[in-house]
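Colleague: I would like to learn how to read helix packing and pockets in a model. Please take me through one case.

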Amino acid sequence: MASLQQKIMISLNSAVLFFIVNYPNFFEKDFVCPKNIALIVNAIIFFGISFLTMGNSKINTGIKIKHSLYSSLIFYFISSPPLYALVGSVFGKLFSDSNGCGTVYGLLLHTVVYCCALVAVMYLP
């Protein structure tokens, strides 16, 4: 089992991936909140990259798939416009607009939340 420090490092690396996969959504000229299909596609891309970044580690393939699946489900949930709308309604328009479209500050906040959630999930069996 990995130590807390190792889990934090793994989560930080995954959080960087979370930020990179979500980042292009915020800088299109005619930015529109991602729809469900776009979130699903992003989650699948995230799953694939997450699985591949585990490389040739000593972890068996089943465990890699389980961890990639957990991280992708968390990715999908935290990247969703309804969660951005909830955060925006609680913390203000700095993090999202009234439609649930996130801002760059919202993306940064969601990246931190993703990292914390991933550390917590690592303690599940």
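This is a predicted model: local features need pLDDT of at least 70, side-chain atom pairs count only at pLDDT 80 or more; totals for chains, interfaces and linings use all residues.

Modeller: Residues are numbered from 1 along each chain as its sequence is written, and side-chain values use heavy atoms, with hydrogens and water left out.

Colleague: How is the packing of two helices described?

Modeller: Two packed helices are described by the angle between their axes and the distance between the axes. Helices (H or I, at least four residues) are DSSP runs, numbered from the N terminus. Axes are lines fitted to C-alpha atoms, for helices over the stretch in contact, and angles run from 0 to 180 degrees between N-to-C directions.

Colleague: At what angle do helix 4 and helix 5 cross?

Modeller: The axes of helix 4 (residues 81-91) and helix 5 cross at roughly 105 degrees and come within 11 Å. Helix 4 and helix 5 are therefore roughly perpendicular (angles of 65 to 115 degrees). In contact (heavy atoms within 4.5 Å) are Leu83, Tyr84 and Val87 of helix 4 with Gly106, Leu107, Leu109 and His110 of helix 5.

Colleague: Which residues of helix 2 meet helix 3?

Modeller: Among them are Leu39, Phe46 and Phe47, and the residues they face in helix 3 include Ile65, Leu69 and Phe75. Helix 2 and helix 3 pack at about 150 degrees, with axes 9 Å apart. By class, this contact has 10 nonpolar, seven polar and one charged residues. Here Ala, Val, Leu, Ile, Met, Phe, Trp, Tyr, Cys and Pro count as nonpolar, Asp, Glu, Lys and Arg as charged, and the others, Gly among them, as polar.

Colleague: And what is a pocket?

Modeller: On a 1 Å grid over the protein atoms alone, with a 1.4 Å probe, a pocket is an open set of points with protein on both sides within 12 Å along at least five of seven lines, and lining residues have an atom within 4 Å of a point. The largest pocket is lined by 22 residues, with Ile10, Met54, Ile59, His67 and Met122 nearest its centre.

Colleague: Which helix gives the largest share of that lining?

Modeller: Helix 1 does, with six residues. By class, the lining has 13 nonpolar, seven polar and two charged residues.

Definitions and conventions. Helices (H or I, at least four residues) and strands (E, at least two) are DSSP runs, numbered from the N terminus. Angles under 35 degrees count as roughly parallel, over 145 as roughly antiparallel, 65 to 115 as roughly perpendicular and the rest as oblique.
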